[in-house]
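Hi everyone, thanks for making time for this. I'd like to walk you through one protein chain, starting with the whole and then moving to a single piece of it. Let me put it up on the screen.

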Amino acid sequence: MSSDKSALDESAIENFRKYLKIPSVQPNVNYDSCVDFVREQAESLGLPVNVYEPVLKKPIVVITWEGLEPGLPSILLNGHMDVVPVYAEKWKHPPFDAHMDESGDIYARGCQDMKNLSIQFVEAIRRLKLNGVRLKRTIHVSFVPDEEIGGVEGMKAFVDTEDFKSLNVGFAFDEGVVSPLESMILFYGERCKWDVWIHCTGKSGHGSMMHEATAGEKLYKIIDSFMKFRESENNKLKTLNLKPGDVTAVNLTMVKGGVQINVIPEELSVGFDVRLAPDVDHAKFREQIEQWCKEAGEGVHFTIKGDGFVESTKLDDSNPFWMAFKKSCDDNDIQLEPIICPGGTDARNLRRLGIPALGFTPANNTPILLHQTDERLNKDVFLKGIDILMKVIVAVSNV
């Protein structure tokens with residue numbers, strides 16, 4: 001049996017590295033190689049695969065393992081195929097070579113975010129099938145596009161289709177994040193992302209004149225209001241022992257306007273990336289922005305592009321999938337650290353439909369390097385994660 005496991009481990013690592021070598025890097029990803037790879041995985045598992053395309057050239061690839069009671073709501077194991085750009089010249093090893101060093105560290109873009117989890121899903125199912133395990137609920141393993149640019153033409157588009165509804169999803173696992181500690185991080189909700197633009201208009205004129213109520217003066221007042229709020233949220237983070245996802249993040253990310261250095265512009269605009277904490281009243285926060293604009297002066301208005309409120313997944317006995325997952329973790333001495341995801345994942349598109357979803361990447365004692373130079377994951381951590389997923393997949397599938 002040990003020799004069989006050794007061969008399975010070696011094959012799993014080879015499979016992982018093969019997936020990492022596909023440069024599915026944003027922007028303008030060609031997903032053909034990823035789709036071919038997933039088809040190969042389905043064939044090796046002896047399972048059917050479907051490719052959906054709610055948006056042209058944005059494939060959703062789904063491997064299905066039918067359960068003993070296929071009428072029950074299914075389990076979705078979701079992962080995205082795309083990865084973020086790289087500064088290749090700054091990497092210790094080429095970011096799409098999937099180099100494994102003598103200590104077993106695998107260097108590649110996507111080895112933490114999140115090709116690791118997708119292959120762990122596949123390899124967990126492979127081992128369960130080889131062990132003759134049959135599960136009550138149907139399992140779907142989905143590979144989706146464009147998560148790294150918001151998933152608008154990926155999971156967000158897919159969940160509104162009849163094809164998605166036909167999957168009858170009752171619970172989902174999606175990406176979490178590796179943990180630098182012994183405990184493993186669990187995402188059960190997310191902050192809501194707003195792109196906020198404030199547009200300040202005022203009197204134009206020669207740059208040598210001191211006109212009143214210029215766009216620049218109003219811009220200054222707006223920035224001051226947002227930055228004071230940002231400071232107050234940052235102070236909460238420092239003094240109340242909160243996690244990043246527990247507070248509202250505000251960052252000034254863009255400024256637009258002006259035609260020439262000696263011309264006072266008629267309009268200046270400033271953009272803020274705002275991540276609303278789950279307990280924030282969206283209507284009241286909008287009213288706060290309106291008040292800041294009013295205080296800045298006449299001719300100041302704002303636009304907001306973003307998601308509406310999405311309820312977090314319940315971590316109590318009202319959610320039987322959580323209870324089964326938590327028991328499996330407890331039984332296997334897996335320490336969990338449930339937090340609100342500080343960024344964003346495709347899980348929010350499932351939660352907004354009322355589908356409970358947990359973000360769980362089974363990797364601990366590992367530095368967090370997603371989106372960073374020299375992103376890497378140790379092979380032993382990767383293999384241990386497969387064993388963990390085998391247990392928790394069985395637990396939630398048999399609810």
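So, how much of this chain is buried? Of its 399 residues, 50% count as buried. Please keep in mind as we go that this is a predicted model.

For charges, we have 45 positive and 59 negative ones, and their mean positions lie 1 Å apart.

Now the fold itself. You can count 10 helices and 17 strands in the chain. The radius of gyration is 24 Å, close to the 21 Å that the globule rule gives for 399 residues, so the chain is as compact as a globular protein of that length. Along its principal axes, the C-alpha trace spans about 85 × 50 × 45 Å. As for contacts, take those with a separation of 6 or more: 79% of them are between residues 24 or more positions apart.

Let's zoom in on one helix, α3, which runs over residues 115-130. Is α3 buried or exposed? Well, 14 of its 16 residues are buried, so the rest of the structure largely encloses this helix.

At 1.5 Å a residue, α3 should span 22 Å, and its end C-alpha atoms are 23 Å apart, which agrees. And what follows the helix? After α3 comes Gly132, with a positive phi near 75°.

That's my tour, and I'm happy to take questions!

Definitions and conventions. Residues are numbered from 1 along each chain as its sequence is written. This is a predicted model: local features need pLDDT of at least 70, side-chain atom pairs count only at pLDDT 80 or more; totals for chains, interfaces and linings use all residues. Side-chain values use heavy atoms; hydrogens and water are left out. Helices (H or I, at least four residues) and strands (E, at least two) are DSSP runs, numbered from the N terminus. The radius of gyration is taken over C-alpha atoms; the globule rule is 2.2 Å times the number of residues to the power 0.38. Buried means under 20% relative accessible area, exposed over 50%, partly exposed in between (1.4 Å probe, protein chains only). Contact means heavy atoms within 4.5 Å. Lys and Arg count as positive and Asp and Glu as negative; His and the chain ends are not counted. The place of a charge is taken as NZ of Lys, CZ of Arg, CG of Asp or CD of Glu. The expected span of a helix is 1.5 Å times one less than its number of residues.
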